[in-house]
Amino acid sequence: MSGAVEARIAELGLKLPEVVPPLAAYQPAVQSGVYVYTSGQLPMVDGKLPVTGKVGAEVTAEEAKALAATCALNALAAVKSVAGDLDRIKRVVKVVGFVASAADFTGQPGVVNGASELLGEILGEKGVHARSAVGVTVLPLDAPVEVEVQVELTEA
C-alpha cells in the first residue's frame, strides 16, 4: 500500500527501503495506542553500513548528515511495518539522534539535522518535532550515527 507520503518520497528521488532486520533482541518498531516508537535505526543501505567510524575523525560532518537522513528513511520503513500506511502519520513527535563523535567534535545538532530536514521535506508540518542530538563514544557496528523516531498516528 502506498499513498501520498510514499509518493513524496519518490518525488524526492528516494525509495522507502525494506525494514532493517534487528541486530539483537528487539523489534524495529512497536505501536502503543496511537504512537509508534522505532528502535534506533542505523544508516543501513542494502543490509550494509556505507561508512563506519567517528564523526570528526574518519567521517565528515557532511557525510554523517547524509547518513542521518538514511536513518530517518529507515525509521519511516519501520513505522510503516507496524502502521501499515505512512499516510496515517499525524505528526513526528520526537527524534533522538546519536552521533559517534571524535573527542573534539561538537557538531552533533548539524549531523542530526539530516534526519530532521528529511522528515520535514517528506512530511511538511507533520514532520516538525522535538529533538535531542547526543554525542557518544561508539555505536553498534561502528556506525557513525543512529536515529530513533516517535510518531503519532491518526486512528486506523
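According to an unreviewed UniProt entry, residues 6-148 carry the annotation "domain: Endoribonuclease L-PSP/chorismate mutase-like". The structure discussed here is a predicted model, and in it the end C-alpha atoms of residues 6-148 lie 20 Å apart, with 31% of that span in helix and 22% in strand.

- Five strands make up an open sheet, whose order is β1-β2-β5-β3-β4 and whose pairing is mixed.
- The edges of this sheet are formed by β1 (29-32) and β4, each of which pairs on one side only, and from one strand to the next the twist averages 15°.
- In general, the strands of a sheet pair through backbone hydrogen bonds, and this pairing may be parallel or antiparallel.
- Strand β3 (residues 89-100) runs antiparallel to strand β5 (residues 145-153), to which it is joined by nine bridges; within this pairing, isoleucine 89 has leucine 153 of β5 as its bridge partner.
- Strand β3 also runs parallel to strand β4 (residues 130-136), and seven bridges join these two strands; here valine 96 has serine 132 of β4 as its bridge partner.
- Between β3 and β4 the chain passes through helix α3 (residues 108-123), giving a β-α-β crossover that is right-handed.

**Helices against the sheet**

- Helix α2 (residues 61-83) packs on the sheet, where it touches β1, β2 (35-38), β3 and β5, and its direction makes about 40° with that of β5.
- Helix α3, the helix of the crossover between β3 and β4, lies across β3, β4 and β5 and runs at about 145° to β4.

**Contact between α1 and α3**

- The axis of helix α1 (residues 4-11) comes within 8 Å of the axis of α3, and the two cross at roughly 120°.
- On the α1 side the contact is made by Val5, Arg8 and Ile9, while α3 contributes Glu121, Ile122 and Leu123.
- Sorted by class, the residues of this contact are four nonpolar and two charged, with no polar residue.

**Salt bridges**

- Five salt bridges are found when the whole structure is searched.
- Arginine 8, which takes part in the contact of α1 with α3, forms a salt bridge with glutamate 11, and the closest N and O atoms of this pair are 2.8 Å apart.
- Both arginine 8 and glutamate 11 belong to helix α1, where they are three residues apart, about one turn of the helix.

- Leucine 141, in the loop between β4 and β5, has a positive phi of about 60° although it is not a glycine.
- Aspartate 142 is likewise found in the loop between β4 and β5, and although it is not a glycine, its phi is positive at about 65°.

Notes
Residues are numbered from 1 along each chain as its sequence is written. This is a predicted model: local features need pLDDT of at least 70, side-chain atom pairs count only at pLDDT 80 or more; totals for chains, interfaces and linings use all residues. Side-chain values use heavy atoms; hydrogens and water are left out. Two strands pair if DSSP finds at least two bridges between them. Helices (H or I, at least four residues) and strands (E, at least two) are DSSP runs, numbered from the N terminus. A crossover is right-handed if, with the strands pointing away from the viewer, the path from the first strand over the helix to the second runs clockwise. Axes are lines fitted to C-alpha atoms, for helices over the stretch in contact, and angles run from 0 to 180 degrees between N-to-C directions. Contact means heavy atoms within 4.5 Å. UniProt positions are given in the numbering used here, feature names are shortened, and annotations may be inferred rather than shown by experiment. Ala, Val, Leu, Ile, Met, Phe, Trp, Tyr, Cys and Pro count as nonpolar, Asp, Glu, Lys and Arg as charged, and the others, Gly among them, as polar. A salt bridge is a side-chain nitrogen of Lys or Arg within 4 Å of a carboxyl oxygen of Asp or Glu.
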